[in-house]
Amino acid sequence: MDIHHHEHDWTKEQGQHCNEYFQSAFICSCLSIFLGGIIFILIYRTVYFCLHFLGRKLRLKLRIEAPRLFSSWKRHFQDWVLMMLSAQTAVGRVLVILVFLFSIGSLIIYFINCYSAIQFCLSFQDKTINIDLFFNIFFLFYFGLRFLAASDKLKFWLELNSIVDFFTITPVCVSFYLKKNWLGFRFLRALRLLELPKILQFLQIIKSSTSIKLSKLLAVFLSTWLTAAGFLHWIENSGDPWEGLTNFQQLSYFECLYMVMVTMSTVGYGDIVAKTTLGRCFLLFFIVGGLMLFANFIPEIADIVGSTKIYKGSYKTVKGRKFIVVCGDINLNSVTAFLRDFLSQDPGGITTEILFLGENAPNLELETVFRCYSAYATFFQGSILKNEDLQRVRINDADACLILADTCSAKPYIEDTANIMRVLSIKNQYANVRVVIQIIQSSNKVYLPKLPNWDWKKGDCIICFAELKLGLIAQSCLVPGLTTLLTRLFVRENTQTKNFLLGHWHEIQGMDYNVLTGHLSNDFIDMTFQEVCRICFVNLNLMLLAVQFKHGIYANSILINPPLAVKIQYKTMGFFIARNAAEVKRARYFCKTCHSNSTAQDVIGKCRCKAKAEGKPPPILPSGNTEILSEGYSTILEEKKSETLLDSTGMFHWCEAVPLEKAILMQKKKPSPVLRNHIVVCVFGEASSSLIGLRNFVMPLRASNFTFNELKDIVFVGSLEYLQREWEFIHNFPKLFLLEGSALSCADLKAVNIKYCSMCAILSAYARDTGDQTLVDTKSILATHNIRSMQFRFNTSTAAMSTAFIRDMEENQMHQLFFKSIPIITELKVASNAQFFEQNIKENAGDLQNRHASRFSKGSVFSDSFLDSLLCTAYYNHHVLALLQTLVTGGTSPQLEEYLSEETSLTGSCSHIMHYTPRNRCKLALLPVTDEQDLLDGVLIFFGDVYCKALDMFGIICFGLYRIEEEEHNVSENRFVISRPPNNLEIFSSDLFFCLVPFNSSATSLTKVIENIVPKGRKTGWSLLRQSTLR
């Protein structure tokens, strides 16, 4: 009995923990394999180096014979094994997946043994040992393949996966000899979880960058957690070796997991602690790394999981509610600007939901914006290039898809082509979805009409920044203040700007008016455009600018103030300046029987006879009426055919290609006497800068609706290396010159006679960088101040002065000698940089934005912010965008753009016949009210009188005023814009009118109009005082 009791106590003591003999045997075997391999590799390298050094010549001879075949076989074998191990073949993928699954299986066996057995050393008769042995034999085979394929054996030996194999495969072999299955290092199999992301990618379970990142974070966290718990489980259940393995404590693996998690999270309850010295030393280092791991990985995992649930969902359509999809450049600035513009377009209430589709999750600032506008704006993470993401946002049911461009991109071509691919992705899958896209460079527009299912007739729009920006600046060279006028007419002003202008009554007039479209009444059929304009203005309080026909040869073409030969057709669309759509409906409901004598516009609506007329079939109209021309129109062209050459479309003036050498002006001490009343364009760019497309600037100034004598010389000042790249696209336009120089040099500016120029434009080809955004406009700002500081003396007899400027000079009583400030329009990349043009203004910081609005309202600064707002305008009414493009570009149309897309430059006409029809289109002009300063002395005349008389006499449409501000004193900068002046607005002799002038009209002022107006009465004392102040 004593013998059996003694044996039982010995077995119980041995079953509680492994004794020192077993621990040493397993640990020493693992270390011997690991360290022995390193020593062997180092000895091999040392011997090889010595032999190679001592027998170099002999070694070279052997390489020619035997080693060549061996090295070739070795290279092919290594390539085959590497391809298999990298999972590039089906066998390789199966092998990698099996290794991962067997590693997880071995780890599960470890968990089972830890849970079911009290002893840390299990008996050999345990059934799991056979399964584990099979797994480790497979691991050994895989280890051998990797060893043979490794080019650097030492590096391979020190890899993490190799170390795991050393300390997990070796104990299995030793266990058969000792008849004991040791759990010691088997926890290292948890490190195989680091291969989880790669396996999931092989199986194509995860594809997106977010899911891959999430899997990597989870793999690192879980493997670290399980491995640290396994190490503590081994140490605490074994004890310190120098204590004879007597200071152990029995901890389950779950308790070790609990202790590690409490330690990493810095909670530290203290209910379970490490008692061994090795365990406590391990925790000293682990708590630092574990804290960093827990603090960084857990919040990031939570953000990814949270954002995945929020932004990876699908949109659920609501019956009867419209929605749009916005994609492309989704960032804080673009989203904020878009929402501001979109909300201002519909002040009555937002009825359209906005879905933003971005490729990256929003940052905290952008997320805050989406939360503020959560009632009608939702963000989804995805790519418009993927069909599954298109289905998630229900693109097929969307009212439109708007694609934003990064106008600040340093690589505009790449930005444009990326957006074009987005259009292709949409149109290939959903042909009926309407697309509005922003394009930076005009040269990239040619790809869009060639895409399948692209149809501008159905509302697909292109907003080209280079075309519209340079076109507006070019038109402003002929019509100062035009940019401000068009901005107010085509883009609804935000509330903040209006609140600022409310303190300036003269600038708020007309700001509630916008360009709107509506169909004309059938009672206007067969009337001339001028007749309809008069009825709309007098009876309906509407200002008609243009029409668009549905049938005939003018179908889908916008005719701005067309000639008398054009008659109104059935279902003609009109372009009006009005406050809202309700006012535009007056033109649709107009009835000659009921409303001809009505002046109460509010009571005009659908009448009884109108309802009866709508039931009748439409009248049969001729297909076209272009052959009908008035007699007076055939004699207006008094130009020499040798001078006037047009391109093959008849839309632009053309000449034979001018060599670059002939266009370059040589710098002289004295300025050239030829340059008078010309346009100076200062261009900042380098040989490596992206092209801004100067052709878009030149084309509106070379439109064929100008006579050849009306064309102004254009002088480009800048780097010759840059201008040479642009010259290829503009060398077929007449009257163009180049000067190598800089707008920062007064000598270069004097060489181009800048004191006699009619306008100076400052353009920049520099893109924004990642640094301070305000510095991108540095050269443009400095050049503007440099030019403004140059004041020249003039004599009143100078014949080169423009009519408008002479009027300003006379009204301010400048006699003999006077000083002239050069008119300038500056392009700014950053709108807020307009603050650098304000001087001696004592205002608080809150008025900074208001000062910017003041500068833009005077038309001396142009920024891309106006073009950003056009995206919303085009969505609500794409016809309005087409009208703006026609006004700005000199009459281009989608048909003309398709032709230009086939040619790098314009081609000349093969015929010598002067085509009249393409030229017979109106042009923008800024006309003085009178050439005689005493004509309006004491006479009271209103805007409505001038509008009607100018329309009746010359067919001129006046739609805006450029008026002198009485508190200003500088003649060149004291004007402001009034869009759509009220009919009863009093006219002063200093006013300038924004007009649409027919091609056949040679009027340079409205003097004859004023002479034929019957005055309404005499001016009051206040009016007389104001007019005398302006003189």
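**Notes on the predicted model**

1. Asparagine 753 sits in the loop between α28 (746-751) and β16 (759-764); helices here are DSSP runs of H or I with at least four residues, strands are E runs of at least two, and both are numbered from the N terminus. Its phi is positive, about 55°, although asparagine 753 is not a glycine. Most residues other than glycine have a negative phi. With a relative accessible area of 3%, asparagine 753 is buried (buried is under 20% relative accessible area, exposed is over 50%, partly exposed is in between, using a 1.4 Å probe and protein chains only).

2. A word on the ground rules. This is a predicted model, where local features need pLDDT of at least 70 and side-chain atom pairs count only at pLDDT 80 or more, while totals for chains, interfaces and linings use all residues. Residues are numbered from 1 along each chain as its sequence is written, and side-chain values use heavy atoms, with hydrogens and water left out.

3. Asparagine 541 is another one to check by eye. This residue, which is not a glycine, has a positive phi near 55°. Asparagine 541 belongs to the loop between α21 (529-538) and β10 (543-548), and is buried at a relative accessible area of 18%.

4. On to salt bridges, where the count comes to 18 (the rule is a side-chain nitrogen of Lys or Arg within 4 Å of a carboxyl oxygen of Asp or Glu). One of them pairs aspartate 389 with arginine 392, at 2.7 Å from N to O. Both residues lie in helix α15 (residues 387-392), three residues apart, or about one turn of the helix. An α-helix has 3.6 residues a turn, so residues three or four places apart point the same way. Aspartate 389 and arginine 392 are both buried.

5. Some pairs reach further along the chain. Lysine 445 and glutamate 467 form a salt bridge with their closest N and O atoms 3.1 Å apart. Because lysine 445 lies in the loop between β7 (435-439) and β8 (461-464) and glutamate 467 in helix α17 (residues 465-478), the pair ties together parts that are 22 residues apart in sequence. Lysine 445 and glutamate 467 are both buried.

6. Aspartate 991 and arginine 963 are also worth a look: they form a salt bridge with closest N and O atoms 2.6 Å apart. Aspartate 991 is in the loop between β24 (975-979) and β25 (992-997), and arginine 963 is in strand β23 (residues 957-964), so to speak distant parts of the chain, 28 residues apart. Both partners, aspartate 991 and arginine 963, are buried. Elsewhere, salt bridges with shared partners join Arg146, Glu159, Asp165, Arg189 and Arg192 into one network.

7. In α32 (residues 865-876), nine of the 12 residues are buried, so the helix is largely enclosed by the rest of the structure. Among the buried residues of α32 are Phe866, Leu867, Cys872 and Tyr875. Helix α18 (residues 482-490) is mostly covered too, with eight of its nine residues buried, including Leu482, Arg488 and Phe490.

8. Which residues make the nonpolar surface patch of about 540 Å²? They are Leu31, Leu35, Ile39, Ile43, Val47 and Leu51. Patch members have over 30% relative accessible area and no salt bridge; like charges are joined within 9 Å, and nonpolar side chains (Val, Leu, Ile, Met, Phe, Trp, Tyr) within 5 Å. The areas come from the Shrake-Rupley method with a 1.4 Å probe, and for residues only the protein chains shown count as cover. Leucine 35 lies in helix α2 (residues 20-54) and is partly exposed at 44%.

9. Last, the charged surface: Asp931, Glu932, Asp934 and Glu1011 gather in a patch of negative charge. Here Asp and Glu count as negative, Lys and Arg as positive, and His and the chain ends are not counted; each charge is placed at CG of Asp, CD of Glu, NZ of Lys or CZ of Arg. Aspartate 934 is in the loop between β21 (923-928) and β22 (939-940), partly exposed at 49%.
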